[in-house]
Amino acid sequence: MQKVAFFVFRDQEMCFIHVLLNALDMYEKGNVARIVFEGSATRLVPLLAEASHSLHGLYRETKDKGLIAGACRACSAKMKVLDAVEKEGLPLLEDMKGHPGMHRFLAEGFVIITM
């Protein structure tokens with residue numbers, strides 16, 4: 001079993017679809033995958049939450065399967081999406097001076113991929 005944490009920093013939908021697909025693929029093959037929204041990628045949360053968005057189905061599937069570790073509290077506030085992230089019920093990660101640290105994931109045996 002492999003463990004991978006995807007730290008996504010960019011709000012590029014064409015990149016993010018591959019994060020969703022890979023996380024689901026890993027999960028379906030018996031691995032552990034987690035997605036962390038960081039930086040400007042936090043702006044994707046309110047977009048993906050909309051049922052009319054083209055990636056909504058994949059986003060909802062990853063969320064329902066517990067593959068989303070959470071979103072950066074500091075970046076969500078800076079990008080003005082903190083309320084939307086809270087409304088979505090995503091954990092706000094802030095263990096590293098308001099940002100999600102990678103140390104916890106490394107300590108738990110995760111490989112970290114940044115995008």
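Tutor: Here is a walk through the sheet, strand by strand, with its surroundings. Keep in mind that this is a predicted model.

Start with the layout. Five strands form an open sheet. Their order is β4-β3-β2-β1-β5, and the pairing is parallel. Which strands stand at the edges? They are β4 (92-93) and β5 (111-114). Each has a single partner strand, so one side of each is left without a neighbour in the sheet.

Now go to β1 and β2. These two strands run parallel, and six bridges join them. One place to look is Val4, which stands opposite Ala33 in β2. Then find the helix α1. The helix α1 lies across β1 and β2, and it runs at about 155 degrees to β2.

Next, step from β2 to β3. Three bridges join this pair, again in parallel. Pick out Phe37: its bridge partner in β3 is Ala71. Is β3 enclosed or open to the outside? Five of the five residues of β3 are buried, so the strand is largely enclosed by the rest of the structure.

Is Leu92 buried or exposed? Its relative accessibility is 17%, and the cut-off for buried is under 20%, so Leu92 counts as buried. What does Leu92 touch? Leaving out residues up to four places away in sequence, its contacts are Ala71, Arg73, Ser76, Leu82, Val85 and Glu86. Compare that with Pro46. Leu92 and Pro46 are 46 residues apart in sequence, and their C-alpha atoms are 14 Å apart in space.

Before you look at the packing, take one general point. In a regular strand the side chains alternate between the two faces of the sheet. Keep that in mind as you turn to the cores.

The largest nonpolar core has 25 residues. Which members touch the most other members? They are Phe6, Phe16, Ile35 and Phe37. Several elements give two or more residues to this core: β1 (3-8), α1 (13-28), β2 (32-37), α2 (44-49) and β3 (68-72). The largest share comes from α1, with six residues.

Zoom in on Ile35. Not counting residues up to four places away in sequence, Ile35 touches Phe6, Val8, Phe16, Val19, Leu20, Ala23, Thr62, Leu67, Ile68, Ala69 and Gly70.

Phe110 leads you to the aromatic rings. The structure holds three aromatic pairs. One of them joins Phe105 and Phe110. That pair is edge-to-face, at 5.5 Å centre to centre, with 80 degrees between the planes. Ring pairs also bring in Phe7, linking Phe7, Phe105 and Phe110 into a cluster. The charged end of Arg104 sits over the ring of Phe105, 4.2 Å from its centre.

Lys87 lies in helix α5 (residues 82-88). At 77% relative accessibility, Lys87 counts as exposed. Lys87 and Ala49 are 38 residues apart in sequence, yet 9.6 Å apart in space, C-alpha to C-alpha.

The other two sit in loops. Lys80 lies in the loop between α4 (73-78) and α5. Its relative accessible area is 75%, so Lys80 is exposed. Its phi is near 65 degrees, a positive value in a residue other than glycine. Lys97 is found in the loop between β4 and α6 (103-107). With a relative accessible area of 83%, Lys97 is exposed. Phi of Lys97 is near 55 degrees, also a positive value in a residue other than glycine.

Definitions and conventions
Residues numbered from 1 in each chain as written. Predicted model: local features only at pLDDT ≥ 70, side-chain atom pairs only at ≥ 80, totals over all residues. Heavy atoms only, no water. Core = buried A, V, L, I, M, F, W, Y, C linked by side-chain atoms within 4.5 Å. Buried < 20%, exposed > 50% of the residue type's maximum accessible area, 1.4 Å probe, protein only. Helix = DSSP H or I, 4+ residues; strand = E, 2+ residues; numbered from the N terminus. Contact = heavy atoms within 4.5 Å. Pairing = 2+ DSSP bridges. Axes fitted to C-alpha atoms, helices over the stretch in contact; angles between N-to-C directions. Phe/Tyr/Trp six-rings, centres within 6.5 Å; stacked < 30°, edge-to-face > 60°. Lys NZ or Arg CZ within 6 Å of the ring centre and 35° of its normal.
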